Amino acid sequence: MDLQLLAALVLGIATIVAVVLWTRLDAFVALLIAALVIGFVAGSPAADTIDSITAGFGSTMGSIGIVIGLGVAVGKILEVSGAADALARAFVRAFGRGREPWAMASTGGLVSIPVFCDSGYVIMNPLARSIARRRQAGYVTLALALGCGMTLTHHLVPPTPGPLAVAGIIGADLGGLILAGLTFAVLLMPIVVAYAKWIGPQLESNLVPEVREAVYAAAPVGAQSSGTGGTAASSTTASDTTADGTAGATTVGGTTAGATAGATTAGEPAPDREPDEVADSLGTPPAGAEPHRMSAGLAALPLLVPLLLIVASTVSTAIDKNRQGVLADDDAYEPSRIAEVMAFVGNPAVALIVGILLAVYVLLPRWVTRSQVGGWLAQAASAAGLILLITGAGGALGQVLRDSGVGDELAEAIASWNLPGVLVPFLIASLVRIAQGSGTVAMITAASVSAPLVAGLGISPVAAALACCAGSMVCSYFNDSYFWVVTRFTGLDGIAAIRGWSGITTAVWLGSLPLVLIAGAIL
């Protein structure tokens with residue numbers, strides 16, 4: 001490999017680590033500085049590097065920015081209406097106490113088959129927060145299990161666009177890849193849960209104060225988050241009731257009177273309660289109005305309807321492409337009228353607009369004022385701001401790495417090594433993922449490089465496709481926009497973010513290696 005490009009990659013990563021850990025600057029600035037360093041060391045013209053940064057930032061914001069903004073707004077309404085709490089109770093009852101990480105990982109895996117994990121995580125994260133708030137413990141474990149459950153199926157199971165394109169490029173049977181990918185995901189799920197349960201308690205004390213306060217706002221003063229290694233935040237928060245009802249929770253005797261059923265005033269954890277017993281943040285109903293009640297079915301609408309719209313869009317497009325025989329060739333694809341309509345209503349931005357309309361007009365009672373809703377949405381926008389900037393900067397860094405040629409250089413280098421056949425696409429995908437951050441780009445690059453070699457390597461197309469997909473899961477870190485989505489919503493910074501998220505994605509990648517070797521031997 002070109003040593004100049006290798007040096008650019010190493011120095012770029014070192015710049016991020018140094019700036020985040022040892023300076024007063026935050027990750028947004030660190031990512032932009034690293035992108036400039038990589039472009040300079042790789043020998044790219046300064047103007048081209050700036051163009052790559054702006055293009056990468058813009059494309060990332062175009063694909064995920066609206067989704068994050070709307071998703072955070074939906075999450076805020078779920079929180080203040082009591083809907084997230086109702087869903088959390090339903091999940092706990094369905095899986096039983098002590099199995100909440102399994103609930104989150106399994107739900108994430110199902111959601112992410114048709115939905116990009118960035119969008120799915122933003123939509124589903126309020127459930128993890130609500131479950132942790134009710135238990136006053138274990139948010140990091142739940143958030144990591146949810147995020148990595150999504151990673152598994154996003155990388156392994158069509159009709160997610162990456163695996164779908166890999167199947168078309170390599171010529172793998174789509175049905176066979178779906179079954180094999182699902183098998184891999186099921187076998188790797190215990191690794192997700194085990195790692196999350198192991199690392200979560202160690203990182204609970206590293207939560208940034210803002211997220212700790214948002215998640216554990218119902219904890220009595222000084223209450224311990226049992227089993228998490230950290231202390232729940234005081235319930236006296238910045239979101240006390242304001243004149244316009246923006247936050248809608250008053251502090252009485254050290255506990256939040258309007259909080260979501262997380263603790264009793266005596267300082268002991270509250271038992272599960274029926275929906276009509278759960279206090280909410282909506283204030284006192286006016287005279288003659290019925291008390292606000294929330295069922296799990298009603299609470300699920302702002303999440304379920306957008307997800308179903310996105311699923312319908314993905315499935316209809318995949319069926320239409322398969323019918324035309326152009327799974328891997330977007331340029332040759334001419335969508336049918338039905339596929340066009342479904343692609344519009346199932347676009348994540350459109351689907352989440354439907355979600356926020358449902359949240360505001362279905363979940364909130366009629367007595368809630370316009371100023372209250374505006375205040376809650378303003379809080380959501382404020383919370384989303386830094387997440388958007390950091391996610392966009394991660395996309396900018398990835399674009400610089402792609403445009404500088406680091407990814408292509410790594411792929412060509414690994415393809416020339418003397419390895420077991422099935423490991424060639426696996427390692428190409430792994431190294432390209434490390435180099436430029438995008439799992440989808442990594443698996444498609446690996447498939448493109450490996451496709452001419454599959455017959456000569458003596459492996460089946462399905463095994464080669466699995467190797468491309470599994471290899472692309474390795475070590476999500478600074479140059480992956482999903483890294484910033486998960487760690488910012490989870491509330492982890494610096495080394496804690498690497499130990500938590502980079503660690504769990506590397507663990508499932510290692511777990512997939514023997515499965516890839518077995519698949520290469522028997523398929």
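Student: Buried means under 20% relative accessible area, exposed over 50%, and partly exposed in between, with a 1.4 Å probe and protein chains only. Is tyrosine 121 buried or exposed?

Tutor: Tyrosine 121 is buried, at a relative accessible area of 0%. Please note that this is a predicted model, in which local features need pLDDT of at least 70 and side-chain atom pairs count only at pLDDT 80 or more, while totals for chains, interfaces and linings use all residues. Residues are numbered from 1 along each chain as its sequence is written, and side-chain values use heavy atoms, leaving out hydrogens and water.

Student: Which ring does tyrosine 121 pair with?

Tutor: Tyrosine 121 forms an edge-to-face pair with tyrosine 482, at 6.2 Å centre to centre and 85° between the planes. Rings of Phe, Tyr and Trp (its six-membered ring) pair if their centres lie within 6.5 Å; planes under 30 degrees apart are stacked, over 60 edge-to-face, and the rest tilted.

Student: And where do the two tyrosines sit?

Tutor: Tyrosine 121 lies in helix H6 (residues 117-135) and tyrosine 482 in helix H20, 361 residues apart, so the pair links distant parts of the chain. Helices (H or I, at least four residues) and strands (E, at least two) are DSSP runs numbered from the N terminus. Tyrosine 482 is also buried, at 4% relative accessibility.

Student: Which residues form a cluster through ring pairs?

Tutor: Tyr121, Tyr482, Phe489 and Trp501 are linked into a cluster.

Student: How do H20 and H21 pack?

Tutor: Helix H20 (residues 481-490) and helix H21 (residues 494-522) have axes 10 Å apart and an angle of about 115°. Axes are lines fitted to C-alpha atoms, for helices over the stretch in contact, and angles run from 0 to 180 degrees between N-to-C directions.

Student: Which residues touch there?

Tutor: From H20, Tyr482, Phe483, Val486 and Thr487 meet Ala497, Trp501 and Ser502 of H21; contact means heavy atoms within 4.5 Å. By class, this contact has 5 nonpolar, 2 polar and no charged residues. Ala, Val, Leu, Ile, Met, Phe, Trp, Tyr, Cys and Pro count as nonpolar, Asp, Glu, Lys and Arg as charged, and the others, Gly among them, as polar.

Student: New topic: how many disulfides are there?

Tutor: The count is 0 disulfides, a disulfide being a pair of cysteine sulfur atoms within 2.5 Å. For cysteine 469, the nearest cysteine sulfur is that of cysteine 468, 6.5 Å away.

Student: Is cysteine 469 buried or exposed?

Tutor: Cysteine 469 is buried, with a relative accessible area of 0%, whereas cysteine 475 is partly exposed at 24%.
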